[in-house]
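Visitor: I would like to learn how to read contacts that involve aromatic rings. Please take me through them step by step.

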Amino acid sequence: MVLIGDMSSIFTVGWISGFTTLLVTKNHIKAKRSRDIIYVGFSITLHLVCVVILLIYILMHKDADWKSSFTILTRILFLYLCVLMDTTLTTLWNWKISSVLSRLRTFDRVTKFSNPSKGKKFRIICPIAIIVTFLYSVITGYVTYSVESRIRIFRGLVYFLTSYVANMQIIIFVCFVYLIRERFQHLCYMLTFSKEDKLIVSDRSNEHFTLQQIWWLHCSLVNATETINSVYAVQLLLWVLTMSINVLSRIYTLNVHKLSDYGKIRELMMVISCIWNLLLITNICHTTAYQANRVGELLFSPSSSASMKRVFLQENLEAAAYFQLRKVHFFTAASIIRVDLPLLLSVRYFSRRDSS
């Protein structure tokens with residue numbers, strides 16, 4: 001079992017970097033404090049000043065044609081908007097995130113879900129992810145410094161900060177959803193029937209669960225999923241749009257414009273980073289939804305022991321209807337985009353068309 005405390009290093013680095021007020025202890029998030037909000041507000045304001053200076057510079061010094069300038073401006077604005085919205089909404093809806101973790105703790109207590117080895121692995125994986133993300137962002141900033149001819153240090157610093165902050169915010173989202181996915185996966189693992197039509201938790205505990213109890217556990221996890229989706233709906237929309245715009249525009253730049261070696265390296269690194277972020281987001285959303293929807297399939301598939309017992313089904317038609325109708329999917333704001341594997345495939349398809 002992985003707890004939010006096993007990922008505390010990521011949240012601590014995020015707080016130090018000034019783009020989140022979320023701080024975790026062993027198994028919950030600390031309540032936001034006034035000084036944390038002031039600190040993050042100052043950090044976001046400083047970031048905004050840097051972006052405004054860069055935008056003014058681009059508008060005043062037209063080093064490229066208007067199409068390239070417009071593309072650069074669009075990418076900068078979208079990236080900053082991603083950082084701003086994520087920081088603002090996660091701070092504003094801190095209580096929603098706390099309620100999600102509370103539901104997960106309830107699930108763990110009821111099912112006696114415990115696997116300390118996974119927690120130990122994550123306490124090693126998280127610092128490694130932080131270091132890799134930091135080094136990748138540093139290299140991107142250095143390459144930008146080598147490419148640009150004017151205000152090189154400033155541009156390199158902006159590239160580094162924007163890339164690092166955006167990547168870390170996405171990692172935090174992935175961490176939250178992973179916690180939910182692990183519980184859904186365990187719920188699927190629990191589903192084996194005994195002779196008394198009781199659901200047994202295999203190898204994990206000696207507890208017996210009825211279908212109604214499994215229904216309640218599933219409903220609790222689905223509510224947690226919908227809550228975390230509501231917190232990140234706007235960010236998901238901005239992330240998908242920003243990463244897609246970056247991938248397509250930079251592939252176009254690589255194919256059309258004559259760039260220096262450092263220029264090609266920077267564009268390629270940004271393309272790889274954006275595709276990797278899209279892969280992380282779509283994969284965690286897709287696999288979580290798959291595990292959630294798999295519970296009903298395991299319970300009521302034609303080959304399951306439950307389906308073969310007519311009396312069992314007749315007494316639980318409401319549960320069967322619930323598992324059939326309540327499907328889990330991740331959506332962006334206003335349900336514009338469903339975040340799953342087909343989304344990633346469509347981005348890859350358009351990027352290939354753009355490159356050809």
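Guide: Start with a charge and a ring. This is a predicted model. In it, Arg152 lies over the face of Tyr145, 4.4 Å from the ring centre.

Visitor: Which ring has the charged end of Lys96 over it?

Guide: That ring belongs to Trp93. The charged end of Lys96 sits 4.3 Å from the ring's centre.

Visitor: Now for two rings. How is a pair of aromatic rings described?

Guide: Two values describe a pair of aromatic rings: the distance of the centres and the angle of the planes. A search of the whole structure gives 10 aromatic pairs. Take Phe173 and Tyr232: their centres are 4.9 Å apart, with 55 degrees between the planes. This pair is tilted, since angles over 60 degrees would count as edge-to-face and those under 30 as stacked.

Visitor: Where do Phe173 and Tyr232 lie in the chain?

Guide: Phe173 is in helix α6, residues 152-190. Tyr232 is in helix α7, residues 211-256.

Visitor: Are Phe173 and Tyr232 buried or exposed?

Guide: Both Phe173 and Tyr232 are buried. Tyr232 also forms a tilted pair with Phe176, at 6.4 Å centre to centre and 50 degrees between the planes. Phe176 lies in helix α6 and Tyr232 in helix α7, so this pair ties together parts 56 residues apart in sequence. Phe176 is buried too.

Visitor: Which residues do ring pairs link into a cluster?

Guide: The cluster holds Phe11, Phe173, Phe176, Tyr232 and Trp239.

Conventions
Residues numbered from 1 in each chain as written. Predicted model: local features only at pLDDT ≥ 70, side-chain atom pairs only at ≥ 80, totals over all residues. Heavy atoms only, no water. Phe/Tyr/Trp six-rings, centres within 6.5 Å; stacked < 30°, edge-to-face > 60°. Helix = DSSP H or I, 4+ residues; strand = E, 2+ residues; numbered from the N terminus. Buried < 20%, exposed > 50% of the residue type's maximum accessible area, 1.4 Å probe, protein only. Lys NZ or Arg CZ within 6 Å of the ring centre and 35° of its normal.
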